[in-house]
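Subject: Structure for your review

Hello,

I am passing on the structure below, followed by notes on what I found in it. Please read the notes with the coordinates open.

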Amino acid sequence: MNNVVELKGKRFVQANKNGSGGGVNMNGKKTVTASDVLKLSRELEQLKVFWSNNEKPFNGALVSVYYNKIVAKSNRIAGLLKGKKSNLAIVGAKFNDTKTKHIITYYVDMKDLDNSIKLLQKVYNLLKDNFENGINQKAFKDNNTYKGIPFSTYELNKSKFKQAIADVSFIDDFDVKMEASTSKESIITLYDTGVDVKELLHKIGIDILSSNILDNQTVFLDVNQVDVLFKNAPYLVSMATVDLSQFSPEDFDQKYNQDMIQIPSPSIEPTIGVIDTLFDKRVYFGEWVDYHDMVDNQIPKKSEDYRHGTAVSSIIVDGPRLNPWLDDGCGRFKVRHFGVAVSAGFSSFSIVKNIKRIVAENRDIKVWNISLGSNQEVNDNFISAEAAALDQIQFENDVVFVIAGTNRPNNSIEKIGSPADSINSIVVNSVTKDGTSPKYARRGLALSFFAKPDVSYYGGSKEQYISVCEPLQKADVAGTSYAAPWIARKLSYLIDILGLSREVAKALIIDSARGWKKKPTPEEIALYGHGIVPIKIEEVIQCEDDEIRFVVSDISEKWNSYNYNFPVPLQDDKYPYVARATMCYFPLCNRLQGVDYTNTELNIHFGRINNEGKLNEINYDKQNLDNDSSEERHYILEGVARERFRKWDNVKYVTEVPKSNNKAKISYTNKNWGIEVKTNNRLDPEDGIGIRFGIVVTLKEINGINRMDEFIRNCNLNGWLVNTVDIKNRIDIHEKVNEEIVFN
């Protein structure tokens, strides 16, 4: 087996994007007629009346645009509403019921409505007088179409007219989107109208405690407050979910025995954070757990409340001895356990607020395990408040959450529950010992296209349970709660012992699960994510003798971050390899944007450098078929790009598939390979600045020859600092760094 090598010392070059796109374009499947424009104009007039007559607690207007497809950023309104600034006015985005169209909500001034109505009226008059049969895409692009059109007569110019036609071609309707009401205490997210949430609610008759505010748009309301909100201002509600007081931490089969064991005292082992139900300090490994009870003392606590949390921590501390068949080679870990819930029920709103404080006060911990999950299914149109909070914490802090994929409470519940829809976290589903999905596993995806779960691992079943230690007894259990801690162990090993960044560690975990497998089907992704992570840590950080595997990490500062300095060994002036690459990053997310949740997309391009200085990419399994990653071109539809090529997903995997007839690749004048990371931002162009990415590259020699030593030598000659990820050496370094020095 070959060790993975970490390449450092040659930074990625940062470059701005050349050009400004392909200009305005209209929907190729639509012919815009005067009647289409008149219809939309009248709808805006009705909205103007609605917002003028409404005693609303803000000054502007909320306008929901029902698009006729899933639209790319370049196809959204850029002439109507706030013109080119309309994208910055977006306060929510959903899909329709069939997931084929966007419904995007904008917050605009009343004068914007007036201006849009006037513009549409002018466009209507021009169309009616000059284009009896309307305008299709062919005519739209033809400059001869506009010859002789007296634009000034209609108080228009050609560019404004064309932009308005383009806008109309992508729109079905304007309306006010109303959420379905609920009669239960709920976590409510309000549209951003620029008014402080406490003041906003006060204006409609709701006085709320500051402790019930999660952020300036998300609040916890009791039943009476929910009724007042939906009665007085239902248009304010962007998202509403019942407060998830019924979580499902309790899993299925328990078998008990009294086989107690002993354990040595902890030393320099890394610490993993656990956020769960309560912990019983009387267990045999109690010395290894730093326990913090976060549950209000006024809440009664029963023995049942200590079982799940204690069991989860037992896996992290001593899982391999309890389960020899799952000995991962990672050793033992210390745990800092925060008991935030009891088994009977609790408020997820309060848990989220606790988690923010816990992470802020324990910055030495990099890996956190959360094996709590909701009975309720996630919503197709927005990320849960709990998951969004975890995503924000991970964007702002150098931490990673490992989250259980949630268990099925009954046969009618299939989709994962929050917080397993967290995009930045590693979400773990469960498999049986033979690698199949157990009866209790639930399915992704999140927001219809994010690959959640990320990976799968062994969580127990009747064929082979997971052995854990519950208070004062050993138990055999099954559930996704008991799969997640094993991945937390591996992540902590990679980060805390081997010294890898969280981006590289996450990429290694996912890459080890995916391997060389062909693209999984949607059904496989929904159940298994990228695949089953190997048991042994060596299989995560080592590769076969005929493979070269290296990791590299850097920061995106501009549109293109590139490095053309990877000296892949040649044979007879050719490259005898197939290749794959996995990239992970932690983007800023915005829950208020609904289905357009992630603000930034990083897209990886990897391959040989041809004689024109461009990459001959390996990306047979591309995330985006557009070679320059620009949204302005339309080789594929936005909806297809999201679903099929994982556009906007923060895990990118590109691969060639090893076959018996793979041929060596030709080389060019430049004998190096290169990586380009292209950055696209949905809202603020600065959202992507400073995002760190981690990449794992694997090259498989098609003739079975070991070329790792040659690759390392080439890298050293090319100025790279090559760090071999050797387990023994890294452990020695870890021990030296943590050695206690006594001064005489």
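Predicted model: local features only at pLDDT ≥ 70, side-chain atom pairs only at ≥ 80, totals over all residues.

Phenylalanine 230 is in contact with Glu179, Ala180, Ser181, Thr182, Ile188, Val237 and Ala240, leaving aside its neighbours within four places in sequence. Phenylalanine 230 has a relative accessible area of 13%, so it falls below the 20% cut-off and is buried.

Not counting residues up to four places away in sequence, threonine 598 touches Ile423, Phe450, Pro587, Leu588, Cys589, Trp648 and Arg682.

Next, the helix pair H2 and H4. Helix H2 spans residues 110-130 and helix H4 spans residues 158-169; their axes come within 10 Å and cross at roughly 95 degrees. Because angles of 65 to 115 degrees count as roughly perpendicular, H2 is roughly perpendicular to H4. On the H2 side the contact is made by Leu119, Leu120, Val123, Leu126 and Leu127, and on the H4 side by Phe161, Ala164, Ile165 and Val168. Sorted by class, the contact of H2 with H4 has 9 nonpolar residues, with no polar and no charged ones.

H2 also passes a check on its length. Its 21 residues should span 30 Å at 1.5 Å a residue, and its end C-alpha atoms are 31 Å apart, so the two values agree.

Which residues of H2 are buried? They are Asp112, Leu113, Ser116, Ile117, Leu119, Leu120, Val123, Leu126 and Leu127. An α-helix has 3.6 residues a turn, so residues three or four places apart point the same way. The cover over the buried residues of H2 includes helix H1 (34-53), strand S4 (61-67), strand S6 (102-108) and H4.

Last, confidence. The protein chain has a mean pLDDT of 88, and 91% of its residues reach 70 or more. Over residues 620-645 pLDDT stays under 50, and for this stretch the model has 73 contacts beyond four places in sequence.

Regards

Methods: Residues numbered from 1 in each chain as written. Heavy atoms only, no water. pLDDT = per-residue confidence, 0-100. Contact = heavy atoms within 4.5 Å. Axes fitted to C-alpha atoms, helices over the stretch in contact; angles between N-to-C directions. Helix = DSSP H or I, 4+ residues; strand = E, 2+ residues; numbered from the N terminus. Parallel < 35°, antiparallel > 145°, perpendicular 65-115°, else oblique. Nonpolar A, V, L, I, M, F, W, Y, C, P; charged D, E, K, R; others polar. Expected span 1.5 Å × (residues − 1). Buried < 20%, exposed > 50% of the residue type's maximum accessible area, 1.4 Å probe, protein only.
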